Every structure is written in C-alpha cells, then in structure tokens.
Amino acid sequence: MQVLHALDSVRRMANGRLPGQLIVQMTDRCNAQCPQCGMRATAAFKRSDLGLDEVKRLIDAAAARGVQAISFTGGEPFLRLQDLTAMINHAGRAGIPYIRTGTNGFLFMRHGEAGFLDRVRRLADTLAATPVRNLWISIDSARPDTHERMRGFPNVTAGIRKALPEFHARGLYPAANLGLNRNLGGAPLPHMGASGPFDCRGFAAELAAGLRRFYNHAIDLGFTMANTCYPMCDDTVAGSGDLAAVYAATSSDDVVRFSRQERALLFSTLQDIIPEFRARIRVFTPLCSLLALSRFHGQGWQTPNACRGGVDYFFIDAATGDTYPCGYRGLESCGKFRELDTTDPAQKPHCTECDWECFRDLSELFGPLADLLSRPIETVRRFATDHEMTRLWMQDLRYHRACGFFDGRRPANYGRLERFGYRPTDAVSGASVDCRGYPSRTVSSVPAERL
Ligand code: SF4
Ligand code: SF4
C-alpha cells in the first residue's frame, strides 16, 4: 500500500501537483474560552456538526480522488469522540494514510480525581486502536496559569503531563500544538512601536526569550513532537480585501494582533530559535517556510511556492458541508467535494494572502519537489540563485527524514536527531536580526532571568 501511495505521489508531482489534503471541520462547537479564536464557547453563533454519514461519503470521495492526508478539526473534535473514532477508522479503511486530529485538552482536566488515569487509559486505548497517525494537544503559553486562563481549563497542564506517558506506552506520540500569541512566553509581548519608532532588536530579544521558554516547556511536559500555529487575527484575513474566514479560528483580540513588522520578526526569530531545539523535540515547522514568511512580511518578497489551497488542499466547513479553497477564502465556495474536479490543470497555486501554517508550511516544503519533477531546469536555476532558501529547504528535508516524517505512532529517534544538534556558532539570538528599515528606538537587552 505504501509503495502505491508513493507512486501516486510521484505521478501527481510530475504533473506539478501535490498529494491532496483535506481539512474537515467536523464541528464548530467548543468548550474552551480561547481569546484568539472566534469559536470559543462564549461566541454567539449557530453551532453545527457534520453528520457521520456525510463525513463517510466525503472520505470515500476523497479516497477516490487520491487524497492522502485528512485532518479532523473543530471546534473541539473530542466532544464527539465516538463519531471521531468512526471517521478515523473509515478514513483508514478507505486507504488514506495520513490521518490527523487534535484536542484542546479538556479531557485532561481534574487530574487529581480518583479515576483520572483510568479515564486517560481508556481514551488512549480507544485512539491507539484507530489508524490515527498524528494527534495534537494545544498549548498557548510557557506559563501553565496563562495557558489555563486563556483556555478556561484550570490545572489542565498537570493533567497533560500525567497523560502523556499513558499515550506513549500505547505507541501514540502526541504533538504540542504551540499557538503563537503575545502570551507565548508568559508575560505579554509589548506592541513594539506603539508609542515611537519600532524597537526591532528589543522585540526580537523578547520574542526569542519567550520562544525558548515555550519549546522548553513542551519538552518538560513530555512531548516528543511539536508544531507551531501562526497567529491568525481578523486583520490578517480581512486586510487583503479578498478574504472572509469561513473557518472562525480567527479573532480581533490583541493577543494575536501583530503588525507586519512584528510578523516579519516573529517568523525570522522562530527561524533562529527552532534549530536550538531540533535535536531535543521533533519540530515540524519548516525553516524554509519561516524564511519565506519573514521575507514576505519584511520585504514584500513573493515566494515561488504559492499556497496549494484550492488546488491540492481544501477545507470542509461544518455549517454547510461545502468545500472551500481553505478556511479563509470564504467567498469562494467550491460546492460539495464529491462534485469537485481536483485534477483540473487550469488550477494553479497563486495565493499568498495569509499565514495559515496548515497549508503554507506544506506548500513551501513540498512545492519545490513537484517543481523539480514537473519543470526541472527552471527549478534548478531557482535553487542556484537563492542559496539561503535552498540550503534551508534541503536541511528541512533531511530533518523530516530523521524525524521519521513525523510519524506520531513512533517514538523519536534521538540518535538520528543528534546531528541536528544546536551549536553555539549557529546562534543568531538577536545579533543577526535584520533590522534594516526598522528605525530603532532603543537597543534593549532582556534581563537574564527572562532568558
Ligand atoms: S482555539 Fe480550539 S479550543 Fe480554542 S476556542 Fe478555538 S476551537 Fe476551541
Ligand atoms: S494563503 Fe492559502 S490558506 Fe491563506 S488564504 Fe490563500 S489559499 Fe487560503
């Protein structure tokens, strides 16, 4: 089966396409309070669920079109655990190899209660019996109290710490889904330049300290894998004029509001910090994608790897069951997925309107592979002229291989990750932050206790 999937991927890429991905919003109901999301429990809108039979038909149509990756998202998918496991099992039976889902972690609350571990073991047994490949648990801040206040889940962090070994014992290695926001390091990141010129180095130093705490926290909790969710504020989506989120995972809250300059630094600082952690935890976030996004926000640079949303990747909305190019191009309904021609050669990747990591990271990582197979001379020329990008991309591919392609059913092989170990000479730590074009108010340093 794996060989068939690999051959199908090569065939698609030789035609300039990538293996298909579907994100299925099975519900928009949620029990959390996250200020960074429009689906929080207190948000007033009519909630919807996709019925199990409807999702099964959708999965069958996806499998028939060669879709190889499917994510069941929410809202909170674990509010419908029985349906969720039925959907995962159906996707597995249909031959879809990359099946993902995630949780806000509500089931890990009340860890002090008698029966907590039995409850977690039953949950882990249930999931381990499905073909789910990747499971994520959201984390919003390096400080447990901040994360718990944002989610509205008291003491959930200690419950996650207790639960992870039970999952690992059953061959399930959940990923920490680190949601970038102003509280990521604990103390809120200030808005740089709010009352004067943009303090580029100060912002980058604060950010670097916060990101280090964030990744260290995930490792300390027991995670062996991490992904990074980029902030999606309403401004990012509405700012372009062409977008209107159908996926309500955006918010106008200050906590995810970053200026364009701040976004450029957010992505370049992440690119600097992630290599420090690559040997200690499998970090999915590709460095080539971070470079593309920081160049875009900092210099207006346009990536040659435009987003595959609406071409190879699609979003299914819980309210209507309709297909959209992604969660943010809500003005472009493509109707029912079973009626969609996903092989139409007229569809070419073109969009770079937002930073949604689900689609942007994979487009940056795998787009060049399709280009190499479908238009090799042009692509090799491109590689030869953009050394920085080419070097990062090749490093990302080697790292993905060393991580077993982020298979969440296998433990990390730290022996293989060792060669991605951080060397002090790799460090950027603010010194090489490109602050050209950002008038500096002060060159501030971060107090030692915050690093
Ligand atoms: S981010 Fe997730 S957990 Fe939080 S409100 Fe939105 S859907 Fe719910
Ligand atoms: S960049 Fe991708 S995810 Fe963002 S709006 Fe465009 S198609 Fe959608």
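Asp-322 is buried, at a relative accessible area of 17%, where buried means under 20% relative accessible area, exposed over 50% and partly exposed in between (1.4 Å probe, protein chains only). The model is predicted, so local features need pLDDT of at least 70 and side-chain atom pairs count only at pLDDT 80 or more, while totals for chains, interfaces and linings use all residues. Residues are numbered from 1 along each chain as its sequence is written, and side-chain values use heavy atoms, with hydrogens and water left out.

Asp-322 takes part in a salt bridge with Lys-336 (2.8 Å, N to O), a salt bridge being a side-chain nitrogen of Lys or Arg within 4 Å of a carboxyl oxygen of Asp or Glu. This pair links distant parts of the chain, with Lys-336 in the loop between S9 and H11 and Asp-322 in the loop between S8 and S9, 14 residues apart. Helices (H or I, at least four residues) and strands (E, at least two) are DSSP runs, numbered from the N terminus. In the whole structure, 27 salt bridges are found. One of them joins Asp-355 to Arg-263, with the closest N and O atoms 2.4 Å apart. Because Asp-355 lies in the loop between strand S9 (323-324) and H11 and Arg-263 in helix H9 (residues 260-277), this pair ties together parts that are 92 residues apart in sequence. Asp-355 is buried at 1% relative accessible area, and Arg-263 is buried at 3%. In a further salt bridge, between Glu-332 and Arg-329, the closest N and O atoms are 2.9 Å apart. Here Glu-332 is partly exposed, at 32%, whereas Arg-329 is buried, at 8%. Salt bridges also link Asp-118, Arg-121, Asp-125, Glu-166 and Arg-170 in a network.

Aromatic pairs number 16 in the whole structure. Rings of Phe, Tyr and Trp (its six-membered ring) pair if their centres lie within 6.5 Å; planes under 30 degrees apart count as stacked, over 60 as edge-to-face and the rest as tilted. Phe-284 and Phe-406 form an edge-to-face pair, because their ring centres are 5.2 Å apart and their planes stand at 75°. Phe-284 is in the loop between strand S7 (282-283) and helix H10 (287-299), and Phe-406 is in the loop between helix H13 (387-402) and helix H14 (414-417), 122 residues apart. Both are buried: Phe-284 has 17% relative accessibility and Phe-406 has 5%. The pair of Tyr-313 and Phe-359 is tilted, with 5.2 Å from centre to centre and 55° between the planes. Tyr-313 belongs to strand S8 (residues 313-316) and Phe-359 to helix H11 (residues 357-374), so parts 46 residues apart in sequence are tied together. Tyr-313 is buried at 3%, and Phe-359 is buried at 0%. Ring pairs join Tyr-247, Tyr-313, Phe-315, Tyr-328, Trp-356 and Phe-359 into a cluster.

The largest nonpolar core has 114 residues, of which Leu-22, Phe-72, Phe-167, Phe-223, Phe-337 and Trp-356 touch the most other members. Helix H7 (residues 200-221) gives the most to this core, with 9 residues. A nonpolar core is a set of buried Ala, Val, Leu, Ile, Met, Phe, Trp, Tyr and Cys residues joined through side-chain atoms within 4.5 Å. Leaving aside residues up to four places away in sequence, Phe-167 touches Phe-108, Val-120, Leu-123, Ala-124, Leu-127, Leu-135, Leu-172 and Pro-174 (contact means heavy atoms within 4.5 Å).

Key: Chains lettered and ligands numbered in written order.
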